[in-house]
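Have a look at the structure first.

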Amino acid sequence: MKIIILGAGIIGTSTAWHLLQLGHDVTVVDRQPDAALETSYANAAQISVSYCEPWANKHAPMKALKWMFDKEAPLLLRPHVDPQQWSWLTKFLAECNDRSFARNVQQIVALGAYSHTALKDVVAQTGIQFNRLERGIAHFFTSDAAVEDAQQAVDLMRQYGVNRRMVSTEEFLQIEPAFKPYAAQIKGGTFTESDESGDARVFTQKLAQLCAQGGVQFLYNHSVQRLNMAGDAIESVAVRAHSSGIAAGFDAQEQVLKGDAVIVACGSYTAPLLRTVGVNVAIYPGKGYSATLPILRPEAAPFVSCIDDGNKLAMSRLGNELRVAGTIELNGFDTSLDSPLAKARCHMLARRVEELMPGVCDTRLPEQGGNPQFWTGLRPATPTNIPYIGRTKVGKLWINAGHGTLGWTHGAGSGKAMAELISGRMPEMPFGFYGFEGTGTRQAAFAS
């Protein structure tokens, strides 16, 4: 089949790779000049099957209210006169209970395990190098209450086959000694040896290059103008090259792409695009931040990817740099880094690294002579944290989006699952694929 993918992040590129392996003719459209230049660009770098608890839990509503006026809060709600935001929040609140939490964890873990296997297969097949560290993920807590909550989460994860375990402060510091300067504040932790870390942008761009070598066409610097309908199905996709990519004085001609299937993998921009053809999905942008800092003392920097639970920050070593990322801001499609709020959140990232590991990284701000690489990206969040992977009610139109903060963790598996679904196969995992609800047997799922 001829398949058009809209979006060249980790999700779209992984989908293209797996479709290519199954013999399909693939075209990928992205408005950026290369793959992985938006949400996949500078994320936390963690491949974390074990750390996948949904944002929606019984404690979330009170925490969100408490954090509303804290510029450095892990989850910051900025209310807008926006029906999409309020609709998303209503659905989110409906998930803030123990029953929904357990149900959502089950699906997220299933996708994570499936995806981790898929990633390992791709790496073994291609030999891609991406600053990969297979050292596990360690998670530390700074209060006794957090340790108690963590034990409940560990028990739940282990029900679904995730080998995440509680560790004492002493064992945590044996696993990752870089945090010894902060030892007095650490009350305990968890550790999952099977998790890992690596650079999502590097991986995605190298995979895109291999896709192109295999015959996938990438239309970079092209924006989607509209989805054209014929009856109850997609007839074509209209795209246009950016004016920066053509000669001065000329306008780019609109190009019409036709295929047997169109996959929308545009991250947070998936929802507004799908609404133009009457498909409504609960995806709302969560503005995440990261800082990439030069390592000054390599011998003292962490090798194990870690999570600071109190601040909801993840830290991963990428060669000679440390990536620290986290915080979510529900603030529409704003991606600015120069507002007072954005600056406060960026500066918090650098300050926290210095508190945890004094002198290990260059945490100076630009005005102090430093060169921190601050970045922000929009996490395509669903109220459940479960992504939409499957077919829409519009003929020939598919979706692979809504991965929130787990796009890197779920990328390879989401791409493989999408390719299998389009090829008439049901992926081997207990997951609720969008558009396949109530289809019964595997054969019935494709009867239509």
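A polar contact here is a pair of N or O atoms within 3.5 Å; within protein, one must be able to donate a hydrogen and the other to accept it, and residues adjacent in sequence count only if both atoms are side-chain atoms. This is a predicted model, so local features need pLDDT of at least 70 and side-chain atom pairs count only at pLDDT 80 or more, while totals for chains, interfaces and linings use all residues. Residues are numbered from 1 along each chain as its sequence is written, and side-chain values use heavy atoms, with hydrogens and water left out.

Which backbone nitrogen lies 2.6 Å from a polar atom of the side chain of Asn385? That of Trp55. Asn385 sits in the loop between strand S18 (373-381) and S19; helices (H or I, at least four residues) and strands (E, at least two) are DSSP runs, numbered from the N terminus. Leaving aside residues up to four places away in sequence, Asn385 touches Pro54, Trp55, Ala56 and Ile108 (contact means heavy atoms within 4.5 Å). Asn385 counts as buried because its relative accessibility is 6%; buried means under 20% relative accessible area, exposed over 50%, partly exposed in between (1.4 Å probe, protein chains only).

Now the sheet. Six strands make an open sheet with mixed pairing, in the order S9-S2-S1-S13-S20-S19; two strands pair if DSSP finds at least two bridges between them. S9 (217-219) and S19 (388-391) are the edge strands, each pairing on one side only. S19 pairs with S20 (residues 397-401) in the antiparallel sense over four bridges, and Arg391 has Trp398 of S20 as its bridge partner.

Helix H1 (residues 10-21) lies across S1 (2-6), S2 (25-29), S13 (261-264) and S20, running at about 165° to S1. Axes are lines fitted to C-alpha atoms, for helices over the stretch in contact, and angles run from 0 to 180 degrees between N-to-C directions. H1 is mostly covered, with eleven of its twelve residues buried, among them Trp17 and His18. Just after H1, Gly23 takes a positive phi of about 90°.

Last, the cysteines: the whole structure has zero disulfides, a disulfide being a pair of cysteine sulfur atoms within 2.5 Å.
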